[in-house]
Amino acid sequence: MMLKNRAPQIYCFFLIVALFSCSRRERIDVSHIDVEIRIERFDKALDSLAPGNILQKNQEWLDRYGAFYSDYMRYMLEAGNPLDSGQLASVLERVIATDDFKALKTSVYETYPDLTAQEAGLTDAFKHLKYYFPEISIPRFIAFFSGFAVQTPIGSDYIGIGLDMFLGVDSKFYPALRESIPYYLSRRFTPENIVPRVTESYIREELYPQDELDVTLLQHMVYQGKVLYVMERVMPDVADSLKIGYTGQQWAWANRFERDIWAWFLQENLLYEADYNRIQKYLGEAPFTPELGEQNESAPKLGVFIGW
């Protein structure tokens, strides 16, 4: 009886989705939008750090990088407060002397001698964002590495790009981090993921922050669908599988069984379920969805996919 009473709502929701789906591939001209993204290479600035110049560089970087530098030292590298230069110098002197720091720095520089492709991709994405949201301010984009602490942090006037979290699926570092970063996450730590992940972070944090988590699965789905719809509009040349973070096989599986996923949500009375412990498996990162598919072949985040 409960499902029968809600049928008109579900039908209307399907109709809205169908109407949007018919027009969502329309392309727009953004050539007149005055946006040109340049990524500042703080990761390369770190190469100039030496035991004898830490205090000098500390003040120089405070002036040049502002909030990013303070956040980087305090929360990403966890080296200390830049205003306490004595303590910071002591920590940094030990950090830059380690073999791990040197090896990571070398790998970042070898993988990213330049960021021309990423700058072009972000320029196109943020031109589209500016087209749809003319009032937005374009932040600074600052590349860094911090020992796998954070990927795309957003501060008061910047978006950070943790290049050590985009070294490629075959990076020698990720297998050693399996306990904290499982393979289903690190497989997306690739150069082609920089543009969609940075753009997604901006949309989620600056345009549509999700303030309330204690809501129904359907409300989560609508929110996630809105985020991915904007990603689709502002990154028309980025593969849909990259936008949502699926492998090609997961993308094919989700599209093939879309009706069955909907049927499962209805059969299990999940759409209006607000217990996050019960619905998080359909929203969070995972290698697959345990209850669906055979031999762990199903896609994860099926609530996110259906919401889109």
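In this predicted model, the residues that line the largest pocket divide into 12 nonpolar, 8 polar and 8 charged. The volume of this pocket is about 690 Å³, and 28 residues line it, the closest to its centre being Arg 188, Arg 197, Glu 200, Arg 204 and Glu 285. The points below take up the pocket, the cavity, the sheet and a pair of helices in turn.

**Largest pocket**

- Helix H9 (194-207), helix H10 (217-234) and helix H11 (240-244) are the elements that give two or more residues to the lining of the largest pocket.
- Among the contributors, H9 supplies the largest share of that lining, with 5 residues.

**Cavity**

- The structure holds 1 cavity of 30 Å³ or more, and the space inside the largest cavity comes to about 30 Å³.
- The lining of the largest cavity is made up of Tyr 184, Arg 187, Arg 188, Gly 245, Glu 285, Ala 286, Pro 300 and Lys 301, which by class are 3 nonpolar, 1 polar and 4 charged.

**Sheet**

- Three strands form an open sheet in the order S1-S2-S3, and their pairing is parallel.
- Strand S1 (39-41) and strand S3 (158-162) stand at the edges with a single partner strand each, so one side of each is left without a neighbour in the sheet.
- On average, and with direction ignored, neighbouring strands of this sheet are turned by 30° against each other.
- Strand S2, which covers residues 140-144, pairs with S3 in the parallel sense over 5 bridges, and Ala 143 stands opposite Ile 161 in S3.
- Helix H7, spanning residues 116-132, packs on the sheet and touches S1, S2 and S3, while its direction makes about 145° with that of S1.

**Helices H3 and H4**

- The axes of helix H3 (residues 54-65) and helix H4 (residues 67-76) come within 6 Å of each other and cross at roughly 125°, which means that H3 is oblique to H4.
- In the contact between these helices, Asn 58, Trp 61, Leu 62 and Tyr 65 of H3 meet Ala 67, Phe 68 and Tyr 69 of H4.
- Sorted by class, the residues in the contact of H3 with H4 are 6 nonpolar and 1 polar, with no charged residues.

Note on methods
Residues numbered from 1 in each chain as written. Predicted model: local features only at pLDDT ≥ 70, side-chain atom pairs only at ≥ 80, totals over all residues. Heavy atoms only, no water. Pairing = 2+ DSSP bridges. Helix = DSSP H or I, 4+ residues; strand = E, 2+ residues; numbered from the N terminus. Axes fitted to C-alpha atoms, helices over the stretch in contact; angles between N-to-C directions. Contact = heavy atoms within 4.5 Å. 1 Å grid on protein atoms, 1.4 Å probe; cavity = no way out; pocket = protein on both sides within 12 Å on 5 of 7 lines; lining within 4 Å. Points joined across faces, edges and corners; volume = space filled by probe spheres on them. Nonpolar A, V, L, I, M, F, W, Y, C, P; charged D, E, K, R; others polar. Parallel < 35°, antiparallel > 145°, perpendicular 65-115°, else oblique.
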